Amino acid sequence: PDIDVDFCKNRRGEVIEYVRKKYGEKNVSNIITFTTLGAKAVVRDVGRVLGLSYGEADRIAKMIPNELDITLNGYDKNGDRIPGAIDKNPDLRKAVESEPATAQLWEYATFLEGLSRNAGVHAAGIVISDRPLDEYIPLAKVANNEGAVTQYSMKPLGALGLLKMDFLGLKTLTIIHDAVAIIRKTRGETLDIDQIPLDDPKTFALLNEGRTAGVFQLESGGMVNLCRQFDIRSIDDVIALIALYRPGPMKLIPDFIRRKKGEVEVRYEHPLLEQVCADTYGVMIYQEQVIKAASILAGYSMGQGDELRRAMGKKDREKMAQERARFIEGCRKTNNIGADKASRLFDLIEEFAGYGFNKSHSAGYGLVSYQTAFLKANYPTEFMAAVLSNEMGDTDKVAEFIAECRAMGIEVLPPDVNASDERFTVDGARIRFGLAAVKNVGEVA
């Protein structure tokens with residue numbers, strides 16, 4: 001398994017220390033990562049080694065288009081030919097063909113492109129073993145890291161059956177923790193964030209009006225527009241919103257909203273599907289719904305349903321042909337569904353499987369989104385002070401959130417040597433600027 005857990009970023013180190021003590025220093029390790037020589041980086045590196053001036057190598061590097069996964073000569077990870085930088089920029093081709101120094105640079109760079117450049121430590125990954133790790137895998141020392149790291153990167157570790165966990169520091173959890181502490185200090189209230197009502201009208205009003213600056217996962221421009229259209233009335237709506245707002249399932253959003261508002265009748269390809277996706281208006285947006293549909297319609301176990309979902313997601317043709325036959329037979333045996341109908345159901349599930357998002361992930365994020373919205377709606381001053389305190393290192397963000405405070409009618413007082421604290425604090429209905437956020441001052445001073 002690969003398990004991801006988010007923690008308050010200030011205390012992530014304590015979790016890693018706890019795991020080391022619990023399982024043994026030699027059984028726990030950071031995971032290595034390798035930086036590869038990308039298209040622009042390899043041109044600059046080779047140029048430096050060949051003794052070209054920085055400006056000369058930079059001129060060639062700047063001719064490479066700014067595109068994700070662009071390669072120099074145009075080969076993807078599987079070795080298949082795709083348009084490369086040289087095909088996309090005629091000036092680059094001309095330079096390679098007419099300048100001897102550039103031709104030599106290009107020859108070496110295309111040969112070295114994609115190779116590992118240097119090793120680092122994975123930002124979140126920790127590997128845990130039942131025995132000392134050096135009995136299973138080689139370990140290494142990496143600069144700027146005290147402990148040992150694995151010499152294998154993530155994928156081989158999974159293939160070897162070692163437990164990999166991602167311990168992620170999530171700023172939002174720190175903001176919630178800080179806001180609760182400020183509420184206790186300024187209002188004398190002990191707020192248990194895990195016991196707040198999940199049907200708070202003020203919170204839904206804030207979301208439906210799109211006032212989501214500082215609200216986890218819901219503050220981008222696209223999300224603001226979606227919140228305004230969505231008519232959020234429950235925590236389930238927030239969870240669905242997060243699952244839908246991704247590149248694939250985005251095209252399902254207009255239909256989902258029309259069904260939700262009763263503008264379009266909700267129909268099911270088979271009556272049994274109602275118990276699978278009634279709460280999402282007949283649209284399967286979660287991986288769990290795909291698994292449940294396979295279980296109810298064709299008698300799959302949950303594990304088999306998950307294998308089906310993975311095969312559908314990977315579009316493995318050979319595996320899909322086998323699964324289709326198995327599904328049709330399962331539908332006949334379990335519910336006496338004819339082959340044509342079962343094949344149509346398979347196509348429908350396959351369509352949704354490509355978009356499915358893990359509901360437990362979406363629910364975890366949805367709850368944190370709701371908690372931040374609840375704090376902003378009910379304790380606006382304390383919440384914004386916590387947000388500002390956690391963005392102190394980013395001057396642009398601080399300016400952005402101060403503007404949001406003004407829009408909310410909260411005055412932000414200037415820094416004051418006698419009244420300010422290190423962080424942003426609440427002063428009545430106002431926020432006092434934190435001294436550590438003053439440019440060129442910082443927390444050390």
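Is threonine 150 buried or exposed, and what is its relative accessibility? Before I answer, please keep in mind that this is a predicted model, in which local features need pLDDT of at least 70, side-chain atom pairs count only at pLDDT 80 or more, and totals for chains, interfaces and linings use all residues. Residues are numbered from 1 along each chain as its sequence is written, and side-chain values use heavy atoms, with hydrogens and water left out.

Threonine 150 counts as buried because its relative accessibility is 0%, where buried means under 20% relative accessible area with a 1.4 Å probe and protein chains only. This threonine lies in strand β5, residues 149-150, a strand being a DSSP run of E of at least two residues, numbered from the N terminus.

Turning to its surroundings, the side chain of threonine 150 reaches the backbone oxygen of tyrosine 152 at 2.7 Å, and a polar atom of that threonine side chain lies 3.4 Å from the backbone nitrogen of isoleucine 32. If we leave aside neighbours within four places in sequence, threonine 150 is in contact (heavy atoms within 4.5 Å) with several residues, among them Ser29, Asn30, Val127, Pro138 and Leu157.

My other topic is the second largest pocket, which is lined by 13 residues, lining residues being those with an atom within 4 Å of a point of the 1 Å grid. Ile182, Lys185, Asp421, Phe424 and Thr425 lie nearest the centre of this pocket. Helix α8 gives the most to the lining, with 5 residues, a helix being a DSSP run of H or I of at least four residues.

Definitions and conventions: On a 1 Å grid over the protein atoms alone, a cavity is a set of points where a 1.4 Å probe fits but cannot get out, and a pocket is an open set with protein on both sides within 12 Å along at least five of seven lines; lining residues have an atom within 4 Å of a point. Buried means under 20% relative accessible area, exposed over 50%, partly exposed in between (1.4 Å probe, protein chains only). A polar contact is a pair of N or O atoms within 3.5 Å; within protein, one must be able to donate a hydrogen and the other to accept it, and residues adjacent in sequence count only if both atoms are side-chain atoms.
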